[in-house]
2 protein chains.
Amino acid sequence: MDIDLARQLSVPGDTKLLLFVMDGLGGLPHPESGRTELESARTPNLDSLARESACGFTLPVAPGVTPGSGPGHLSLFGYDPLKFNIGRGALEAVGIDFDLRPQDVAARGNFCTVDGKGRVTDRRAGRITSERCGELCEELRKIPLEGAELFVEPVREHRFVFVLRGDGLSDAVADTDPQREGTEPLPPRATAPEGEATARLVARFVDEAQRVLAAKTPANTLLLRGFARRPDWPSMSDVFKLTPAAVAHYPMYRGLAKLVGMEALPAGPGLDDSIATVRENRDQFDYFFMHYKYTDTAGEDGDFERKVAKIEEVDAAIPSLLALKPDVLMVAGDHSTPAVLAAHSWHPVPFMMRAPWTRTDACDAFNEVALQTGSLGTFPAVEALPLALAHAGRLTKYGA
Amino acid sequence: MDIDLARQLSVPGDTKLLLFVMDGLGGLPHPESGRTELESARTPNLDSLARESACGFTLPVAPGVTPGSGPGHLSLFGYDPLKFNIGRGALEAVGIDFDLRPQDVAARGNFCTVDGKGRVTDRRAGRITSERCGELCEELRKIPLEGAELFVEPVREHRFVFVLRGDGLSDAVADTDPQREGTEPLPPRATAPEGEATARLVARFVDEAQRVLAAKTPANTLLLRGFARRPDWPSMSDVFKLTPAAVAHYPMYRGLAKLVGMEALPAGPGLDDSIATVRENRDQFDYFFMHYKYTDTAGEDGDFERKVAKIEEVDAAIPSLLALKPDVLMVAGDHSTPAVLAAHSWHPVPFMMRAPWTRTDACDAFNEVALQTGSLGTFPAVEALPLALAHAGRLTKYGA
């Protein structure tokens, strides 16, 4: 459903929706057992929930497309990630909860190592510590730039965010990151005439930064990529008539949620903390996005057993989740992260929705094989919210 | 398939297609038995047909979207209801078989009750009788309007159709219906400059009508909404190279069918009448849309048992339907009307197609659970006709 139709059909109401995202949920069979992470885990509560739910798989972007965290979440929030595109720099800024303003231009930065001839030998500067990254950012922040305010914010290890704030800035600036080693960093160039002034500012910063960093090997220079502005999107309250809140421990997910108008509530690292936050704020909001990160982390690390254990940790929390009594509960993933791939993947993502007025289906367990017998089939993730709204009595009829 | 591609690929032929629509077909489980209306009904003929058919579910508009009768039928006729939109007033006029012409502007009217201060106290005027509605319309019709011909046609109870006919009219006029009680009706206002002359005509009519109705409590004034023109759509013969006929007892469905160029054949209230009409006209047409209303009526009334009985009535007629020997037979619904909701709903709609060259699937009964094993899955209703045309040998190859 596109945003305009959603805006036309959505109505406020007193029903509560809860989207519980297990990051990187979907998996693939272990080469020895032939069973996926979900099939390997002991999940009596998730399986019982599957029996009461409408089951299927979501396609985050399109068949064959491996989504990043941004698109994977936006589609679950009801925003088509092919239309609602966020530049890398803006995502990175939003991801550390930086207060990115509409006139700002942000880029993702890497500290890196160059050799005597200026050629990149390590795009990640040996993954310097986050503490070292913080120290370097503090020095870079002092570089005087005429015509714009400068922010250089550490992210983690060699990563930082570069932000210019001022009038007349543009994101029409090409990456300085050559994306491979053995060649020199590229000069900052405008990709359109309106980017020329900004490209000059960036060039001045890069020159000064090289002087500051010259003796600080392995972090003896930097690369910038993904120059972007903060996107200006309609909010979930405008489009879907929801009062939405995010309960996410990691800044990236809070940042994404805020881009669609969610209020980011305080959230500790544990599931119990998140559930307590929802419980305490239940009256103030009618839509909660709860984020659980550790299934993805284990998948990215290629740690099949740990991903299984994290799934079982979620399973144990399901009764407390149900005690929140959402009218519609969605258990979903933003993408698959099969441990055997140790990376995000394009595979459809397990999904179930417990709601009033679902039809009976044959699915009796929450895993990649059983869900194939679900009534929802494999459907675009962007349709999950409209479907949930329908079951919550929050979508009016189309046409007479 | 969009209209342009359909126009490009469709070819005439001597095969016959029959679309049998059971209005409001889809259901939900009864809270006691756990079985839907279709599962509860004894349907040996429909089940036998399902075993010979390709089975699945149609999505009339989009996931989560509850369709009105207009969109629900248009998609089965091969017209994307998000692109082929019909205004409320035009649908209402078409729905009483009013001969709406291209230059006309139509609106849906309600007789309503206002209190001494002019505030609406009952938007439906206590649902006056259809007879009384007819009398009031006859009086309103006499109001003299300079510059346009006036039609005021009774629909049912408090509902009527208001039509202006003349040169230079526009449908850019806002509703006078405030959509809630306790406030005054809104003045007719133009929503664009081209609507100003029409808005003045409407205002003059409303003024006069208030004088005529003042003493006729509860119907002491009126509300107008959904100003619209007759849509100008390509016909099924132009797009799909069909010679189509509609066999529908209710004027709404005949009206919709005529908007896409079908010839509306005489149809009695019973299934036998409809089948006889198809039999008699079999040589003149190659596409028949047969409409069966009573499954929807029972569903809307929340009468689970009656809906079951109506399904069984259809089942008994299946042998006569098959005796018409259509090359392609589709049994479909325009939307779901689960008796437990007593309203249209967003749930995918049972569908089967008996045709040459279908693949075998596991579905052995015509109900919401068995159909989940069908080979067609859940697919957009607008794709049903192209699929049927393919099986009827009426679509040529795309590309060399």
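The C-alpha centres of domain 1 and domain 2 of chain A are separated by 34 Å in this predicted model; the domain bounds, taken from an automatic or database domain assignment, are 3-85 + 234-391 for domain 1 and 91-228 for domain 2. Local features require pLDDT of at least 70 and side-chain atom pairs pLDDT 80 or more, whereas totals for chains, interfaces and linings use all residues. Residues are numbered from 1 along each chain as its sequence is written, with chains lettered from A and ligands numbered from 1 in the order in which they are written.

Seven residues of domain 1 of chain A are in contact with five residues of domain 2 of chain A, contact being defined by C-beta atoms, placed from the backbone, within 7 Å. On the domain 1 side, helix H9 (residues 251-259) of chain A gives the most, with six residues; helices (H or I, at least four residues) and strands (E, at least two) are DSSP runs, numbered from the N terminus.

Chain A comprises 13 helices and 13 strands. Its radius of gyration, taken over C-alpha atoms, is 23 Å, close to the 21 Å that the globule rule (2.2 Å times the number of residues to the power 0.38) gives for 400 residues, so chain A is as compact as a globular protein of that length. The C-alpha trace of chain A spans about 65 × 55 × 35 Å along its principal axes. Among contacts in chain A between residues at least 6 apart in sequence, 72% join residues at least 24 apart.

The contact between the chains takes 19 residues from chain A and 24 residues from chain B.

How values were computed
Contact = placed C-beta atoms within 7 Å.
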